Amino acid sequence: GLCAFYMMGADGLKAKIERNINNEKVGYTEIFRRFGGRFQKVSPQGKEAVEQFNKEQLATVAKANGMKDIRQLYSKTNGSLTRLKIEYLKERRRQTA
């Protein structure tokens, strides 16, 4: 009888839910209640903590995809997983050429 969901989104999702609850739009109060009735952040607070979190996240994804030089990747991507994907695709193209 257990099931779990985790809804993720940017700050815009929080604003949209709050706005629609305040405007009494049908369904938003129920959705919010069913997802626990509170907002949480996964990423830590503070510049240094966020940077460390991004480094760990990037290293995990890079290693899982066979990428080795994590420091160089971090400097190229500044911790962005979107940029990491681009660097991964560039490397794959180089290897197949």
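Here is a short walk through part of this predicted model, going from one selection to the next.

Stop 1: Start by selecting residues 47-64, which form helix α3, and residues 70-77, which form helix α4. Their axes come within 10 Å of each other, and the crossing angle is roughly 120 degrees. That angle is why α3 counts as oblique to α4. As for its hand, the crossing of α3 and α4 is right-handed.

**Stop 2: the contact between them.** Now show side chains. On the α3 side, pick Glu51, Asn54, Lys55, Leu58, Ala59, Ala62 and Lys63; on the α4 side, pick Ile70, Leu73, Tyr74 and Thr77. These are the residues where the two helices meet. Colour them by class and you get six nonpolar, two polar and three charged residues in the contact of α3 with α4.

**Stop 3: around α4.** Keep Ile70, Leu73, Tyr74 and Thr77 selected: these α4 residues are buried. Turn the view so that you look down the axis of α4. The buried residues fall within an arc of 100 degrees, so they line one face of the helix.

Then pick Arg71 and Ser75. Both are exposed, and they sit on the face of α4 turned away from its buried side.

Step just past the end of α4 to Asn78, where the backbone takes a positive phi of about 55 degrees.

**Stop 4: a glutamate in α5.** Select Glu87, which lies in helix α5. Buried or exposed? Its relative accessibility is 7%, and because buried means under 20%, Glu87 counts as buried. To see what surrounds Glu87, leave aside its neighbours within four places in sequence: the contacts are then Met67, Leu73, Lys76 and Thr77.

**Stop 5: out to a loop.** Finally, go to Gly37, in the loop that runs between α2 (28-34) and α3. With a relative accessible area of 37%, Gly37 is partly exposed. To place Gly37 relative to the first stops, draw a distance from its C-alpha atom to that of Glu51: the two are 14 residues apart along the chain and separated by 29 Å. Glu51 is one of the α3 residues that meet α4, which brings the tour back to the contact from Stop 2.

Note on methods: Residues are numbered from 1 along each chain as its sequence is written. This is a predicted model: local features need pLDDT of at least 70, side-chain atom pairs count only at pLDDT 80 or more; totals for chains, interfaces and linings use all residues. Side-chain values use heavy atoms; hydrogens and water are left out. Axes are lines fitted to C-alpha atoms, for helices over the stretch in contact, and angles run from 0 to 180 degrees between N-to-C directions. Helices (H or I, at least four residues) and strands (E, at least two) are DSSP runs, numbered from the N terminus. Angles under 35 degrees count as roughly parallel, over 145 as roughly antiparallel, 65 to 115 as roughly perpendicular and the rest as oblique. A crossing is left-handed if the near helix is turned anticlockwise from the far one by less than a right angle, and right-handed if clockwise. Contact means heavy atoms within 4.5 Å. Ala, Val, Leu, Ile, Met, Phe, Trp, Tyr, Cys and Pro count as nonpolar, Asp, Glu, Lys and Arg as charged, and the others, Gly among them, as polar. Buried means under 20% relative accessible area, exposed over 50%, partly exposed in between (1.4 Å probe, protein chains only). The arc is that of the directions from the helix axis to the C-beta atoms.
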